[in-house]
Every structure is written in structure tokens, then in C-alpha cells.
Amino acid sequence: FDNLANGVVNIDNTSLDGLFTDDLDISVIFIIWLKGGNIGFDGLHQYGGTVVNTGTLVINGTAAQAYHNDGTLDNSGMLKGTGIFSLNDNALGGMLAPGLSTGKMTFVSDQAFQATQTMEIEVEGTTPETQHDMVEVNGTATISGTLAVSISYTPSSNDRNVFLEATTVSGSFSVSSPSLPTGWAVDYSVPGEVALQFNVSLPVELVYFSATKKEDEVELTWQTASETNNEGFEVEHSTDGRDWDYLGFVDGHGNSTEAHDYSFQHQSPSSGINYYRLRQ
């Protein structure tokens, strides 16, 4: 840890987690330079000079403005934490990790995220802030960087986790390699939101499924519009819609984008109401 005479605070490969726990106003210092260390703040921090971060800058703020920069923030390292941030039109490069597993960063005005910037989002469930990270921009969010997502829960169909909210969203993210898990996509469909959307892609697109009484039998017919790796269908029968019995198997068409018709005859239906279903 060097405090040089020319107004530079140089932090080089030094762990300073939790060193600063009170409000810190260092507008008289020209430059803070984090080369590879890890510095942790827990108060209100105002800067009037230049902050150069090539290490890890952790802000865990509970004040009205956890981080207020009237000068320059040059971030090519990691900026992470929670709280309210005022960056004086400084675009963000480097790594941005909202939350401390998990949490929310709020930017008080327009905020740009550079093409060199990577936003890391952790998703552990569908509840904002407590189960997945959030970034809020009270203005225009200009995005052009990379999105790195870590998903560690079992989703339900149509889960939609909004991780960035702004008055206006301009641009889009690229997704880091490896890509999102199967079924997940980045969704920009709602103005002012960027979300992670999960949709189940079924291997068979079913057009209809019907049952018709023909004398002492029931004829089942169905049609598919497309099939993916479809070995076939198990046909099942029930008298109460709860307990099911296997009736037979009908071969599928594997992979197909054409319509296919299927049929099956139930030769000994029960008296009263009969229920049928397909298991692909």
C-alpha cells in the first residue's frame, strides 16, 4: 500500500477487505489505483479525482449514494457490490458483478456499459435481489458488452427473470461462451427491461387429439405438425382421469417438419366415460 507524494494512492496486490467502514470523502486525492488488490468499502464514498481500477473494487453501500464519482472512473478490473452509484457519465468497462451473491446495483442517471464490459448475473431463483442479481438504471441504459450468466436452480416453463431495468434500454448483449443453458434466452421484448426467459421446447408439436366411439370400439386419432427425435407414443387409458393403464405403442416419425396423422383402436373400452392420453 503506497501513499505517494504526488497525490496517488496505489494499491498493488494487497487485500484491504473491510478496511474502510465509515464514510469516506477523498475528493482531495487525485488518483486511486487498484492494480490487483481487493478493496472493500461499507460507507459513502465520494471521489473528485480519478479512480483507476484494475483489481477488485467492492462497494457494499447502505447510504443514499454508496459510490459517488465527480471525477473519472477507469474500470478494467472488477466492480462489484450493492447500493446506489453515481458515475458522472463514466461508461463502464471491465467486469460488473451486481450484488454480493445476490443483490442490486442502482445507477442514478443514464449509464453506458462499454463493449469491453462484461456483466455477471447470478440466478438462483425468480425473486429479484434475493434470488437473482439486478441492475437498475434511472435513465437510459446503453448496453453493448458481454453477458455472463450463472444459473443454479431448476426453472419452470415461462420463468422470466428481469435482471436489468431502465427508463430506456439501447443496444443488446452478446452472451459469453459457453452459451446459456438449453431453454434459456435473453429477452428484450418488454420496453425498459432485459430478462432471462425460460421456455420448454417440446419434441412434438401436437395439432389435435380426439376420441370417437365406433360401435363397441373407440378410435383415437391425432396429428403432429413437427417431431424431433420422436420414437413414438404410448397410448394410455383411464376411467377416472387419475389412474392410467397402458394400451399400446404407436411408432413416431423421428425428425420431421411435415404433418403426420396417427390412429389407434381401443377394442375394449369401459362402460361410461373413458379418458385417453398420449405419452411421448
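Threonine 224 is found in strand β24 (residues 217–238); strands here are DSSP runs of E with at least two residues, numbered from the N terminus. This is a predicted model, in which local features need pLDDT of at least 70 and side-chain atom pairs count only at pLDDT 80 or more, while totals for chains, interfaces and linings use all residues. Residues are numbered from 1 along each chain as its sequence is written, and side-chain values use heavy atoms, with hydrogens and water left out.

### Exercise 1

Decide whether threonine 224 is buried or exposed, then find its partners.

**Solution.** 
- Step 1: Learn the cut-offs: buried means under 20% relative accessible area, exposed over 50%, and partly exposed lies in between (1.4 Å probe, protein chains only).
- Step 2: Threonine 224 has a relative accessible area of 0%, so this residue is buried.
- Step 3: Look for contacts, meaning heavy atoms within 4.5 Å. Setting aside residues up to four places away in sequence, threonine 224 touches several residues, including Val204, Phe233 and Tyr262.
- Step 4: Tyrosine 262 lies 38 residues from threonine 224 in sequence, yet the C-alpha to C-alpha distance is 8.3 Å.

### Exercise 2

Which strands pair with β12 in the parallel sense, and which residues stand opposite each other?

**Solution.** 
- Step 1: Recall that two strands pair if DSSP finds at least two bridges between them.
- Step 2: Strand β9 (residues 56–60) is a parallel partner of β12 over five bridges, with isoleucine 59 opposite glycine 81.
- Step 3: Strand β13 (residues 95–98) runs parallel to β12 and is joined to it by three bridges; here lysine 80 faces alanine 97.
- Step 4: Strand β14 (residues 104–107) also pairs with β12 in the parallel sense, over three bridges, and phenylalanine 85 stands opposite phenylalanine 107.
- Step 5: Check the cover: seven of the nine residues of β12 (residues 78–86) are buried.

### Exercise 3

**Solution.**

How values were computed: Helices (H or I, at least four residues) and strands (E, at least two) are DSSP runs, numbered from the N terminus.
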